[in-house]
Amino acid sequence: MTAHANTPLTPSTHSSDNYATQVLSQLKQDILTGYFSPGEKLRMVRLKERYQVGVSPLREALSQLLVEQLVIVENQRGFTVHPISAEEMADIYHTRAQIEGLCVGQAIDRGDDAWEASILAAAHRLKKSAELLDENSPENIQRWEALHQEFHTAIAAGCASPTLLHVRRSLYEKASRYRNLWLKRNMLNQTVFHANQQQHQDLIDALLARDSESAVQLIQDHLLGPYRALKDTEL
């Protein structure tokens, strides 16, 4: 959910817990999508204006994001967006590839007809969304990315392991800032886009054939693509 400064949160219509969760969700999304840049100081005046909230819910949200390693505190001078680095990117992406491989392997073992149908439906929605990348619009890129994530989540859901899916979600979020760099630099390139779509089709074919070895290799190669494209560039 993307935050908008002209859409204030209204505590009178939410419980305090839901209110705090909404503030956290909006601030987190802004960090993951790059609205706030890595290393940028998160000034309370700007945050209050953007989200139309007071200091208390903002501090609560920032404290949670500190635990999630999306913000840091420097010398008690306030909160700063966690910086990015080539070392962190390598660690996140290679760990994520291993976890995603586990999800896919278990999903092939446990997934039923409904699982297969959910993958095909998500793939269809993603394919129809190609026009979102026809112009350089950050909002449209994020809409496409949300559908892309739905496709991969439909695949992983077949593993039927809440613990594994929780770890997977956390790693996806940690990778998001790097992936968004890759999206902005590459996904408007039609050659890259069509290669990405072919990888999806190859993965679907392996999943429906219940070819675990091929599917695991395909998903790991697919996930490591952004890392390989970014590792020798300036982040």
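**Briefing: cores, cysteines, a helix pair and loop residues**

V104 touches I155, L207, A215, V216 and I219, with residues up to four places away in sequence left out of the count. The structure is a predicted model. V104 also belongs to the largest nonpolar core, a group of 37 residues, and takes part in the contact between helices α4 and α6. The points below cover the cores, the cysteines, that helix pair and several individual residues.

**Nonpolar cores**

- The largest nonpolar core holds 37 residues, and the members that touch the most others are V104, I119, W144, F151 and L207.
- Two or more residues of this core come from each of α4 (86-110), α5 (113-128), α6 (138-157), α7 (162-186), α8 (190-208) and α9 (212-230).

**Cysteines**

- The number of disulfides in the structure is zero.
- C103 takes part in no disulfide, and the nearest cysteine sulfur to it, that of C159, lies 4.4 Å away.
- The cut-off for a disulfide is a pair of cysteine sulfur atoms within 2.5 Å, so the 4.4 Å between the sulfur of C159 and that of C103 is too far for a bond.
- C103 has a relative accessibility of 0% and therefore counts as buried.
- C159 likewise counts as buried, because its relative accessibility is 0%.

**The α4 and α6 pair**

- The axes of α4 and α6 come within 8 Å and cross at roughly 55 degrees.
- The two helices, α4 and α6, are therefore oblique to each other.
- On the α4 side the contact is made by R96, E100, C103, V104 and A107, and on the α6 side by Q149, H152, I155 and A156.
- By residue type, the contact of α4 with α6 divides into five nonpolar, two polar and two charged residues.

**Residues with positive phi**

- Q52 is not a glycine, yet its phi is positive, at about 55 degrees.
- The position of Q52 is in the loop between α2 (44-51) and α3 (55-67).
- Q52 counts as partly exposed, because its relative accessibility is 40%.
- A160, also a residue other than glycine, has a positive phi near 55 degrees.
- The loop between α6 and α7 contains A160.
- With a relative accessible area of 53%, A160 is exposed, because the cut-off for exposed is over 50%.

**Pairs distant in sequence**

- P38 sits in the loop between α1 and α2.
- At a relative accessibility of 39%, P38 counts as partly exposed.
- P38 and P83 are 45 residues apart along the chain, while their C-alpha atoms are separated by 4.6 Å.
- Apart from neighbours within four places in sequence, P38 is in contact with V81, H82, P83, I84 and R177.
- Q22 is located in helix α1 (residues 16-32).
- Q22 has a relative accessibility of 18% and so counts as buried, because buried means under 20%.
- Between Q22 and Y51 there are 29 residues of separation in sequence and 10.0 Å in space, taken C-alpha to C-alpha.

How values were computed
Residues are numbered from 1 along each chain as its sequence is written. This is a predicted model: local features need pLDDT of at least 70, side-chain atom pairs count only at pLDDT 80 or more; totals for chains, interfaces and linings use all residues. Side-chain values use heavy atoms; hydrogens and water are left out. A nonpolar core is a set of buried Ala, Val, Leu, Ile, Met, Phe, Trp, Tyr and Cys residues joined through side-chain atoms within 4.5 Å. Buried means under 20% relative accessible area, exposed over 50%, partly exposed in between (1.4 Å probe, protein chains only). Helices (H or I, at least four residues) and strands (E, at least two) are DSSP runs, numbered from the N terminus. Contact means heavy atoms within 4.5 Å. Axes are lines fitted to C-alpha atoms, for helices over the stretch in contact, and angles run from 0 to 180 degrees between N-to-C directions. Angles under 35 degrees count as roughly parallel, over 145 as roughly antiparallel, 65 to 115 as roughly perpendicular and the rest as oblique. Ala, Val, Leu, Ile, Met, Phe, Trp, Tyr, Cys and Pro count as nonpolar, Asp, Glu, Lys and Arg as charged, and the others, Gly among them, as polar.
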